[in-house]
Amino acid sequence: MNRDRNPWLTGLAVLTYAFLFAPIVVLIVFSFNASRRNFVWLGFTTDWYPRLFANTQLLDALSVTLRVALIAVIGATVLGSLLGLGLARLRFRGSGATETLILLPMITPEIIMGISLLIFFGQLFRQNGSIGQIGIAHITFCISYVAVVVRARALSLDSRLEEAARDLGASAWGAFRYVTLPLIAPAVAAGAMLSFALSFDDLIVTSFNAGVGSTTLPIFIYSAIKFGVTPQINAISTIIVLVVAVALMIAWRLGAFRGEERRPVAEGG
Amino acid sequence: MTAAAAERPPRRPIRERLAGLLFVAPGVGWLAVFFLLPLVIVLIFSFGTKDPAGHVSLSHLGFQNYLQATRQEYVPAFFNSLRYSAITTVLSIVIGYPIAYWISRYGGRRKILLLILVMLPFWTSYLIRTYAWMIILRDNGVLNSILQTVGLTSEPIAILNTDFAVVLGMTYGFLPFAILPLFVSIDRMDHNLVQAARDLYANGRQAFLHVTLPITMPGIVAAALLTFIPAIGDYVTPDLLGGAQTTTIAKIVQVVFTSGRDWPYGSALGFLLMVLTLAGTFMALRTLRRETLGGG
């Protein structure tokens with residue numbers, strides 16, 4: 001089955017991985033640079049890390065970011081999962097229009113969503129940005145991703161499983177609760193993870209909906225970069241990269257991605 | 001999808017259909033209020049004017065903002081937006097296709113791990129990755145130090161704040177978005193088809209052009225959309241890697257809304273950007289339909 005490997009292809013793949021990782025390696029290495037201006041290597045230091053924890057502005061920004069992410073994950077996961085399930089399970093008048101409605105936020109440039117919510121909140125409610133406003137904005141762009149992931153999973157399920165439960169005397173709710181829900185749980189979890197990542201990373205939509213006291217981590221980093229490059233930013237970045245890498249590896253070891261390797265369970269039966 | 005619909009029983013009990021609507025209604029309602037309504041407001045505002053006090057006035061609706069947006073000095077911004085995102089899209093697919101193919105064909109049991117490695121940069125902030133390129137590309141940065149040490153140049157070459165830096169940064173940023181859908185469509189392909197083409201005396205190039213490429217076209221179109229859309233609306237990369245003199249529509253919109261405060265004018269620019277994006281999306285989807293009809 002496996003023909004001889006194409007050495008050119010393997011070479012290209014290795015180069016692409018190098019391209020993907022070189023900037024991250026540089027970023028990490030320079031977080032240990034003694035030079036304050038961070039252009040030239042002036043020697044090894046770990047000074048920048050303890051300084052992060054003394055930087056109250058940074059810690060405040062991190063706390064705002066996490067609170068926004070919590071709102072976004074809960075709101076988008078609930079609304080998006082219901083939407084995805086509903087679309088997968090029933091045909092109704094306007095289900096085609098609903099599918100288009102779900103795709104639209106995904107093909108709308110972030111900056112458009114940012115300014116439209118800025119105008120919406122500013123003109124209709126005289127709001128100039130707050131954690132709640134950012135949270136609502138994040139829920140809005142996360143819903144679609146959750147809905148798409150959950151819908152795909154629900155469509156791959158065999159509807160006969162739920163019917164079998166009904167035949168065995170389960171109520172509609174019982175069949176849903178004990179058969180369907182556990183089967184779509186991995187997709188719901190994946191949607192929640194995706195929402196967290198999107199929310200945690202978002203700069204563009206957030207910057208139009210943030211006000212005094214709701215500076216998120218990306219906004220903080222962005223203004224720090226504009227103000228001047230410092231190794232502190234490298235240090236924060238290094239921590240974020242490591243946290244993400246560890247989380248992904250744990251998820252991988254736990255088999256969170258294994259569903260993609262197998263055919264859907266219901267298809268075999 | 002039609003097959004799935006056909007398998008489903010034609011009618012469900014009313015109660016169950018009501019329950020289904022309860023599933024869909026909250027999400028649809030949310031998107032109607034916080035997504036569609038704000039877009040409609042942007043559209044209405046784009047025909048408005050700014051009164052001397054800086055407030056938005058809707059008493060003289062007209063096309064003046066759109067006329068202003070198409071003035072000569074803004075042509076480069078539109079041109080830049082399209083050029084950056086188009087080049088980024090093409091590069092992402094050209095770079096992404098071989099690695100997606102390689103992971104699918106030769107990844108074996110490590111496929112998922114190899115994919116996670118591709119996605120790792122994606123899960124770490126876009127902003128941080130752009131910042132990393134600033135460190136590498138600046139005049140006394142990593143790349144120039146290497147070039148000078150090797151002796152390729154004695155003076156630092158200006159790389160940061162050029163078109164090259166913007167395209168490089170965007171391609172780097174959106175490449176994972178391209179690799180994932182490419183991988184999915186390549187991995188789903190039945191490789192026996194290529195084998196069959198080879199048995200029928202197609203050479204490697206012919207088999208690729210006439211079998212692999214058409215079959216994986218949906219993945220290519222998806223990859224193109226997933227890179228083009230964020231690229232055309234991105235103002236972070238043109239700002240950080242392109243410098244002050246690089247203008248794109250997204251960057252102008254951002255400046256208008258954060259400092260200029262001429263919301264009607266900014267709305268018009270934003271709406272034009274939305275139209276450009278939708279046009280690109282529909283072109284991509286039409287290509288997909290033609291390819292699948294022609295290739296199928």
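Residues are numbered from 1 along each chain as its sequence is written, and chains are lettered from A in the order in which they are written. In this predicted model, local features need pLDDT of at least 70 and side-chain atom pairs count only at pLDDT 80 or more, whereas totals for chains, interfaces and linings use all residues.

The secondary structure of chain A comprises 12 helices and 0 strands, where helices (H or I, at least four residues) and strands (E, at least two) are DSSP runs numbered from the N terminus. The C-alpha trace of chain A spans about 75 × 65 × 30 Å along its principal axes. Of the 269 residues in chain A, 42% are buried; a residue is classed as buried if 20 or more other C-beta atoms lie within 10 Å of its own, as exposed if 12 or fewer do, and as partly exposed in between, with C-beta atoms placed from the backbone. Two residues are in contact if their C-beta atoms, placed from the backbone, lie within 7 Å. Among contacts in chain A with a separation of 6 or more, 78% are between residues 24 or more positions apart.

Chain B contains 14 helices and 2 strands. Its radius of gyration is 24 Å, well over the 19 Å that the globule rule gives for 296 residues, so chain B is more spread out than a compact globule. The radius is taken over C-alpha atoms, and the globule rule is 2.2 Å times the number of residues to the power 0.38. The C-alpha trace of chain B spans about 75 × 75 × 35 Å along its principal axes, and buried residues make up 43% of the chain. Of the contacts in chain B between residues at least 6 apart in sequence, 70% join residues at least 24 apart.

Between the chains, 69 residues of chain A are in contact with 70 residues of chain B. Helix 1 of chain A contributes the most to the side of chain A that touches chain B, with 12 residues. By class, this side has 51 nonpolar, 11 polar and 7 charged residues; Ala, Val, Leu, Ile, Met, Phe, Trp, Tyr, Cys and Pro count as nonpolar, Asp, Glu, Lys and Arg as charged, and the others, Gly among them, as polar.

The largest nonpolar core has 146 residues, and those with the most contacts inside it are Val253(B) and Leu269(B). Such a core is a set of buried Ala, Val, Leu, Ile, Met, Phe, Trp, Tyr and Cys residues joined through C-beta atoms within 7 Å. Neighbours within four places in sequence aside, Val253(B) is in contact with Ile111(A), Ile115(A), Gly266(B), Leu269(B), Gly270(B) and Leu273(B).

Helix 6 of chain A (residues 131-156) is largely enclosed by the rest of the structure, because 21 of its 26 residues are buried. The helix bends by about 35° at Cys142(A), the bend being the angle between axes fitted to the seven residues ending there and the seven starting there.

Arg126(A), in the loop between helix 5 and helix 6 of chain A, has a positive phi of about 50° although it is not a glycine. This residue is exposed, with 7 other C-beta atoms within 10 Å. Asn161(B), likewise not a glycine, has a positive phi of about 65° and is partly exposed, with 19 other C-beta atoms within 10 Å.
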